[in-house]
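Student: Please take a close look at the sheet in this model and at what surrounds it. I would like one connected account that I can follow on the structure.

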Amino acid sequence: MGVINMHEPEKWAYVYFSSKESDDKFTIPQEEKVKWELYTLYRAQKRYFDKNKSWAKSLQSISKKNIVVDGKVLKPVLENHSSGFNILVKSPFSNKTLIIKEDGKIITNE
């Protein structure tokens with residue numbers, strides 16, 4: 001996992017079942033890689049809050065780099081609201097909008 005912390009689900013292993021008896025290849029779904037980047041932004045926002053006692057108002061405050069997954073640039077959006085924040089990104093692979101909330105849960109909008 002890279003860390004001793006079961007609260008980082010993006011670092012959990014994948015289990016792949018196949019009926020093939022010979023070598024079979026597994027590829028991590030691109031959508032999962034997008035979620036990894038959302039978790040990175042989520043943790044950066046939490047660190048910002050711990051340090052500043054308020055949520056960052058812009059992504060530039062918590063991330064100084066372009067976010068690229070498999071050659072596609074992600075364009076996340078940070079929304080602050082009275083009870084926390086959401087970070088949204090439209091997946092360039094499925095066109096679904098993935099949203100991570102202040103509690104770390106990811107939801108998907110079609």
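**The sheet and its surroundings**

Tutor: Start with the helix: α1 lies across β3, β4, β5 and β6, and its direction makes an angle of about 30 degrees with β5. Keep in mind that this is a predicted model.

Now turn to the strands under discussion. β3, β4, β5 and β6 form an open sheet of four strands, in that order, with antiparallel pairing. The edges of the sheet are held by β3 (77-81) and β6 (106-109); each has a single partner strand, so one side of each is left without a neighbour in the sheet. On average, neighbouring strands here are turned by 25 degrees against each other, if direction is ignored.

One pair can be followed in detail. β3 and β4 run antiparallel and are joined by five bridges. For E79, the bridge partner in β4 is N86. You can find these two residues on the structure and trace the pairing from there.

Next come the loops. N95 lies in the loop between β4 (84-90) and β5 (97-101). Its phi is near 65 degrees, which is a positive value in a residue other than glycine. In general, most residues other than glycine have a negative phi. N95 has a relative accessible area of 51%; the cut-off for exposed is over 50%, so N95 counts as exposed.

K53 is found in the loop between α1 (30-52) and β1 (67-69). K53 is not a glycine, yet its phi is positive, at about 60 degrees. With a relative accessible area of 62%, K53 is exposed.

Read from the N terminus, the elements follow the order α-β-β-β-β-β-β. The protein has 110 residues, of which 30% count as buried. Among contacts with a separation of 6 or more, 38% are between residues 24 or more positions apart.

Terms used
Residues are numbered from 1 along each chain as its sequence is written. This is a predicted model: local features need pLDDT of at least 70, side-chain atom pairs count only at pLDDT 80 or more; totals for chains, interfaces and linings use all residues. Side-chain values use heavy atoms; hydrogens and water are left out. Helices (H or I, at least four residues) and strands (E, at least two) are DSSP runs, numbered from the N terminus. Buried means under 20% relative accessible area, exposed over 50%, partly exposed in between (1.4 Å probe, protein chains only). Two strands pair if DSSP finds at least two bridges between them. Axes are lines fitted to C-alpha atoms, for helices over the stretch in contact, and angles run from 0 to 180 degrees between N-to-C directions. Contact means heavy atoms within 4.5 Å.
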